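Reader: I would like a close look at one part of this structure. Please then show me how the rest is put together.

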Amino acid sequence: MSGTFTTGMRTMARGAREEPRLFAVAIAGSVVYGVGTAATGWLVGRVTERVVVPAVTGSAGGSVSTWDVWLAGAALMAVTVVTVAGVLARRIWAGAVAFALQARYRRRLARRYLELPLSWHHAHPAGRLLATAGSDVEATWQAMLVLPFALGVVVLIGVAAVAMAAADPLLAAVALLVVPALVAANVVYQRRMSPRVTQVQRLRGEVSATAHESFEGALVVKTLGLADEEVERFARDADRLRAANVAAGRTRGAFEPVIEALPSLGTLAVLAVGTARAASGAVGVGDLVQIAFLLGLLAFPVRSFGWLLSELPRTVAGDARVQAVLRESATTPWGERHLPDAGAGPAPLATTGLSYRHPAPAVDPLAGQRRHHDSGPTPRHEPSPALADVSLDVAAGSTVAVVGSTGSGKSTLAGLLVRLVDPTSGAVLLDGVDVRELAEGQVAGAAALVPQSTFVFDDTVRGNIALGLDADDVPPDRRVGDDDIWEALRLARADGFVAALPNGLDELVGERGSTLSGGQRQRLALARALVRKPRLLVLDDATSALDPAVERAVLDGLAASGAGTTVVVVAYRPATIALADEVVHLERGRVVDRGPAEEVAARDAGYRDLVTAYARAARDRADEAAGRAGRA
Amino acid sequence: MSTAVKSSAPREGVLRRAQELAPEIAQGLGVTLAIAAATTVGKLVVPVAVQQTVDTGVLAPGGPDVQRVVVLCAVAAVIVLLTTVTAWVVNVRLFRATEAGLASLRVRAFRHVHDLAVLTQSGERRGALVSRVTSDVDTISTFLQTGMLVLVLSLGQVVLATGLMFFYSWQLALVVLGCFLPLVLLRHRFQRPVAQAYAAVRVRMGEMLSAISETVVGADVIRAHAASARSWRTVDAAVEAHRKQAVKAQVATAATFSSGVLVSGLVVALVLVVGTLLGMNGDLTLGRLLAFLFLAQLWVGPVQATAEVLNELQNALAGWRRVVELIDTPVVVPEPSRDRVRELPAGPVEVRVEDVGYAYPGTDRAVLTGVSLHLPAGSRTAVVGETGSGKTTLARLVTRLVDPVQGRVVLSGVDARDLPGRELHRRVVAVPQEGFLFDTTIGENVRRGRPGSSDDDVRAAFAELGLGDWLDGLPDGLDTPVGQRGERLSAGERQLVALARAHLADPDLLVLDEATSSVDPATEVRLQRALEGVLSGRTSVAIAHRLSTAEAADVVVVVDGGRVVEVGAAGELVRAGGAYARLHGAWAAGRG
């Protein structure tokens, strides 16, 4: 607990240093609030003593005029107005600090996500990274909304204590006993409550995960008649959550009444002791009222300590996840070399002894402390390498087809060729240069990959294809205009459907825009690559959603465009393979054979099996049918 | 698609229905509220003690009466302690009752989601359904456990305090009411812009998260095209928009909150001023006047809290309504009534589709029209057709995932609507294209096909499908974890596991909806061969994406535009030169 407190407060201090001005205003407001509130209590005591008591009891010669009464009221109002100004400043600027910090860290995280190498991305589930930028950042700075308040309350207690002591030290001592009691109640409550809250949150996560998984698999649940088992599974989770909620409720249900009773008991003690002190002439009614009233004013603000304490564990947990990303040292080391410009014609490509092993899934930085509800069992064995000792030589301007069964490493190879990831060993040479020696942006400037699954940004068609190359700060020779975009769309055979969209290039596509079919998305991704006039084009099964005729048209168009591009294409279809100068047969991460298609087909049975499977099955069946017919 | 939640029911109906669904909540509620009401008396202890101490203690004729005050305060302390205990009892009773009720509400809603037609549960709807059984139920519990209590206690507190104020001095009581009532009335109006500001924050939050998610989910594309500058701009703009809106909402709440602080300061000043003036005329004792300072404070908390609680009440009612509406959504595929229940005769299932028509609920566009088919027991049928021709709908009708709008589906002589769902789905199994897997091991996933089967049964299922080698090739074998939705396996591997699962279920009618579409060609051909063996003695229907499947079937059904256009053996259809022949021609050309 104390560790959490120190760590959490250190994070808050960092936040204060990062937003010093906003934080200072929030604190200033809170101090005004604290002093103002204490002043109200003191003033109520003074007014009671000097105005109310003489006026009502007629003591002290009854020299109080109506004017004095109104003046006292005006003084109280003035203090209230100042206090309210403090409250406003405190609340608004506390929010300003917290939200500015959230924004600051979200920007930093997003930049980090963009900088970190893809191997790092592949080892971290997207959902968790998103949660870090969303809820973890929020959790980290939520305490900032309470911190200025809590600091103001410290000031309030300090000033109130001095005012009480000035009235009567003994009575002040009795009254102020309530403050440590309240703080103790808060601390005990947080300490007892925090494991219960954690438990409730964990179980709530499990209920949600179970429901989500079950609904997602609803079709399977239905078609296998598993509904009863699923309801039972969910009911177990729901009941555990119920029990945890009741346990938490038992604690919470005790806290509220106790926290309300303590100031009442304190006030009663003040009244009893105060009457005795009044009997001995040590205090007047005004002092008694001042202290009792101040005690009432303290009861609510003291809770801010409890709120702060309950937020700090979330601060610590959230910040741990955020810092784990920000401190991540993995980077893509860029070199300094440059390649000739786009007009330089097709680039030759080679790989030497290329090997790659997928990174192990990353561990949640908080994994030791709590179980991540949405992670199932983890694999026991280290997977075998995705690619092993792959050496290729692709002549400038030629087309190579990479063929292999599911899981043979084709997509991994495609990613390595354009330096999405770096090999475990070996090298990729683009235009004779190791891609790791090239400066940032050079590989992307010369080579384009069209991946298997197409990602469409929540943007217009134009934005999705240009991806920033249409911005004003792009040098004119690289800037992409609408003509270039249409040209690329034509090459990708996407001009037809884009022209038919209600807003053409300005049509919003992606998440909240119009939905595109799989084939349309692929053609968009193809245009995105082609608009960059790449010297090397890598198509990772990128035409699978196109029907054969369109695929042929796209590939023919590429060949005829004359710009001259080296093409590496991952494919199954004989029609696609037929366009290649050479095929590479990949199995279990290794090159089994390579060469012109007919030659490989002639000597490599595995390759034949793969490429001619359908044709062969049909032939076999025809033979069988013929056999049956012959026998009949 | 929108069959699941209909327009809102009247409020009272919703409440009554919820009470039927979660009767545990109302159990003992009367007693709980009675104890709660008694508890509010504790709030008056301090003001009364102040009044008594001042008027009869400190200002007692002949000097302060210490003994009287001590006894008074002791009695008051006992009352405070007693009400503290009763408040705790109230809380615990409330937690017990509401949590029990809400747990059963959750489970009922969950069951109903599974009872609803599967086709309503795609995409966005799924997230919404999860929130029905989680956060919507949580909003109800938040209200019942804190809001409702605060409302009851606040009301009691305000009524008691006001009563006592009028008893002490009606003039001063009117002054206090005059200050607070406008605040109460205005507060409710303030609450609306505050709620709107927060709704806007949630929208900005969603936009911001979607911008950030592009940097994560689209990382490969951004890297491949060196497009990070564009992403920075998008993210920065979205982050800034969220920050601005959040601060705006914060200003709105700060203004609302400080209006309460202002009014309570005003009340203190006015009570002292007006009270003193009244006292000077001898209309008010000093003790009563001072008690007002404390009594007036009893208004502050409720005023601050009620606006928020009323907001919570709105949320809870909305949440409650959504849950109840979900549970009350009529099931699209209802269980047969008791007098209609029939049993499915043993052995391979014979399928008769009799003049069936189907349109998605809420639409007029027919997906299938006038479809009649007869699939003999033990036959192998392939259904082919373009995307959107209605093949998948046909598969759903045969497995009774939906009921026809017109005509009927008869399984082994029994109308499918007369078969209990559980029985039907144990014998009639469909393998959908997306082979969904649960987040556990391969072995556990397959075992779901027939709960209670052994590891050897599971292995045998793979072996019989010719997938023994694939399984043996996995380092962890049956214990291989599949990850969420099975995402640690490739799409093709997921389909293999789903097939093994269906095979283990040992169905009498197996419907394969493009169930091998993501498997590589060599494996697929092997699998087809194995399936032919496995399927003997069962009826099978395969929705085919590749015509290789069709060629292996006894009967090919060609669907086009929601109608069956051709039925016959593959060879005959090719020779006939119709729709199938055209599909076959295109396919043979692509095959190279």
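In what order do the four strands of the open sheet in chain A lie, and is the pairing parallel or antiparallel?

Author: Keep in mind that this is a predicted model. The order is β2-β1-β4-β5 in chain A. The pairing is antiparallel. Start at the edges. They are formed by β2 (387-394) and β5 (433-434) of chain A, and each of these strands pairs on one side only.

Strand β1 (residues 349-356) of chain A runs antiparallel to strand β4 (residues 425-430) of chain A. Five bridges join β1 and β4 of chain A. You can find one facing pair by eye: Thr351(A) stands opposite Val428(A) in β4(A). A helix covers part of this sheet. It is α13 (residues 410-417) of chain A, and it touches β1, β2 and β4 of chain A. The direction of α13 makes about 125° with that of β1(A).

Chain A has another open sheet, with six strands. Read them in the order β6-β9-β10-β3-β11-β12. Here the pairing is mixed. The edge strands are β6 (447-450) and β12 (590-595) of chain A. Each has a single partner strand, so one side of each has no neighbour in the sheet. On average, neighbouring strands of this sheet are turned by 15° against each other, direction ignored.

Strand β3 (residues 399-403) and strand β10 (residues 566-570) of chain A run parallel, joined by four bridges. Val402(A) faces Val570(A) in β10(A).

In all, 135 residues of chain A are in contact with 137 residues of chain B. On the chain A side, helix α10 (residues 227-279) gives the most, with 29 residues. That side divides into 81 nonpolar, 31 polar and 23 charged residues.

Two packed helices are described by the angle between their axes and the distance between the axes. Take α10(A) with helix α3 (residues 45-58) of chain B. Their axes come within 10 Å and cross at roughly 5°. Therefore α10(A) and α3(B) are roughly parallel to each other. Among the residues that meet are Leu268(A) and Leu271(A) in α10(A), with Val46(B) and Val50(B) in α3(B). The contact of α10(A) with α3(B) has eight nonpolar, five polar and no charged residues.

One more helix pair joins the chains. Helix α2 (residues 20-57) of chain A packs with helix α9 (residues 228-280) of chain B at an angle of about 10°, and their axes are 9 Å apart. That angle makes α2(A) roughly parallel to α9(B). The contact includes Val44(A) and Val51(A) of α2(A), along with Val268(B) and Leu272(B) of α9(B). Its residues divide into nine nonpolar, four polar and no charged.

Finally, check the record for chain B. An unreviewed UniProt entry lists residues 69-90, 142-161, 167-186 and 251-278 of chain B under "transmembrane region". In the model, residues 142-161 of chain B are 100% helix, with end C-alpha atoms 27 Å apart. Residues 251-278 of chain B are also 100% helix, and there the end C-alpha atoms lie 40 Å apart.

Notes
Residues are numbered from 1 along each chain as its sequence is written. Chains are lettered from A and ligands numbered from 1 in the order in which they are written. This is a predicted model: local features need pLDDT of at least 70, side-chain atom pairs count only at pLDDT 80 or more; totals for chains, interfaces and linings use all residues. Axes are lines fitted to C-alpha atoms, for helices over the stretch in contact, and angles run from 0 to 180 degrees between N-to-C directions. Helices (H or I, at least four residues) and strands (E, at least two) are DSSP runs, numbered from the N terminus. Angles under 35 degrees count as roughly parallel, over 145 as roughly antiparallel, 65 to 115 as roughly perpendicular and the rest as oblique. Two residues are in contact if their C-beta atoms, placed from the backbone, lie within 7 Å. Ala, Val, Leu, Ile, Met, Phe, Trp, Tyr, Cys and Pro count as nonpolar, Asp, Glu, Lys and Arg as charged, and the others, Gly among them, as polar. Two strands pair if DSSP finds at least two bridges between them. UniProt positions are given in the numbering used here, feature names are shortened, and annotations may be inferred rather than shown by experiment.
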